[in-house]
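Colleague: Can you walk me through this one? I would like to start with the ligand.

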Amino acid sequence: MGGGIGQHFGAQKYLWGNVPAFDILRLESNEGEGYSKDLHLLFAASGDLRNVIKTVIGLPSTYNHHLNITINDRDFDIVARNLILLLIALTVEQVDEAVDCILHLWYSALVRESHIKILQRHIRPLFAEVSEKMRLTGYRGFFGKKWRFRQCSLFVTLETSSWSRLLSFVDKPVGLTTEHAREVRTATTLAESRIDYRDRHLCCLSPVQRIAFAKFRQDGLLLPFGHPRHEFREPNPTFFQNVDIWPMKDSADPLEGWSSEEVAATSSGAASADIYGKLFYYLQGLLRSFLNRLQSLEVSFELFQLDVAQLPDHIEQDTLSRIDVSNISDAGWLGIPHTLDYMVPLLQTPLQNPHATLITLFMNAVEETLTDQDKMRDMTPNSTSTKRLLKYLPPKGRPTSRFDPELIRFNLARDYVTTYDHIFDRYLKTYMFTEAADVFGAKMKEKHTIIEKWPYRLKLRPGQPGAQDEFDRRLSTGLSGKERYLEWKRAHSHALRDEVFDLGS
Ligand SMILES: C[S@@+](CC[C@H](N)C(=O)[O-])C[C@H]1O[C@@H](n2cnc3c(N)ncnc32)[C@H](O)[C@@H]1O
């Protein structure tokens, strides 16, 4: 592999998040613990359920009003998986059984026979009933179905053809053996041609962490390191929609979707460097809290499989307390003008709720804006970033070649000690964010109240207690430190937008 941004390898579905989950409400520090109104939240390009889960368990225990959660993604596989995992949470009464089933269907390539039985017993009849109804009536088009479970409900709108496709997510994939499923997955996760990419990642892990990483790439089971594996023989039907395709990139990793600090702080017993074991116990705890919270909370889940552009036809204006659009605000996805255009009118006005916020993420903005000159400036021996980096990675000797692992690690780590505010300011100007905000009636929030602007920057200074640990942990994650969040609220009116459209017509 050469320098610069690596090439992707494998199918490009985002069935697992690639940035850590966060609570999109933070009710206590925004509306306040005693908030006494209903809430409506939108995950507009949801990806997996991680932010939904973090948000529900982040609600203060005193909150007892109605919570409406709309979850949308244009990718059918993502919607189908989210729907199935939520239905398991709402229908399987035994909490431990539900937690284990959700955890493995979400993350393990092979699952237990008992997990497939849960799909067959609890989920299949729900989908079969709708498909049968449509077959009998010959109905074609969008069809919405609402299920009620105690004080919760789940409403899903899908096209007729998608309803029949759902059945293939709960049945064993026909003709797919355990062995073939393993081969199909490892053809991506252990591809010969990608050795350099894996080595580059291994170079940033501690020796014991490398063993856990290699095992997950090999067997794809999210389990503690020493846990018996013989029961995991059934190909997970929510991944293997095609018997010859593993649906994700080789770099997709369950660890990327969760806070590395919170995972590292979870005990994995004597195997203290078993990172996937830590994630397993962390998720067990999180899912248990989620299911417990669903016992008392009045929640309506609403799922769509739409392009974001269509959401304004399905959601009332001025109603949403929070909108999370993931990073579709990046220029390579939808970009900021369209994101603001579709989303801002749905947000509550400051008069209705001064804390109502649209949260956008930019994962590629810095990389796309950096020039060769910027990069060269940072790489000089006297630059601030080189001096800071030397404190974390003091040289152990002269590099043996330009492929010396020490040198590769040094270059990969540079992102963490460099600040990119000026680069992001340049990006804002290039894409005329201030003008777009005026046109679409939005305002960038000076002070963020949900998630920090640069959450994955190092917080400690070299030499402070815990600084080296923080640095080593950052280096072992897939994050670059260039991830930038931007929070928006509604301006009081969007008169300018209306004027622009009047002129246009
Ligand atoms: C922007 S992608 C990237 C992955 C993301 N960073 C994460 O952690 O999930 C997130 C999701 O957005 C969805 N998406 C992209 N463009 C969309 C659009 N115009 N409408 C609806 N969903 C969209 C993709 O299907 C994907 O599941």
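Colleague: How many residues surround the ligand, and which are the closest?

Modeller: The ligand has 20 residues around it, and the closest are N18, R50, D73, I78 and V308. A residue counts as near if one of its heavy atoms lies within 4 Å of the molecule. This is a predicted model: local features need pLDDT of at least 70, side-chain atom pairs need pLDDT 80 or more, and totals for chains, interfaces and linings use all residues. Numbering starts from 1 along each chain as its sequence is written, and side-chain values use heavy atoms, without hydrogens and water.

Colleague: Which polar side-chain atom lies 3.0 Å from a nitrogen atom of the ligand?

Modeller: That atom belongs to N327. An N or O atom in the side chain of N18 is 2.6 Å from a ligand nitrogen. R74 has a polar backbone atom 3.3 Å from a nitrogen atom of the ligand.

Colleague: How much of the ligand does the protein bury?

Modeller: The protein buries 97% of the 570 Å² that the ligand exposes when taken alone. Those areas come from the Shrake-Rupley method with a 1.4 Å probe; for residues, only the protein chains shown count as cover.

Colleague: New topic. Where is R150?

Modeller: R150 is in the loop between strand 4 (142–149) and strand 5 (152–159); strands are DSSP runs of E, at least two residues, numbered from the N terminus. R150 is not a glycine, yet its phi is positive, about 45°.

Colleague: Is R150 buried or exposed?

Modeller: R150 counts as exposed because its relative accessibility is 53%, and exposed means over 50%, buried under 20%, partly exposed in between (1.4 Å probe, protein chains only).

Key
Polar contact = N/O pair within 3.5 Å; in protein donor to acceptor, adjacent residues only side chain to side chain. Helix = DSSP H or I, 4+ residues; strand = E, 2+ residues; numbered from the N terminus.
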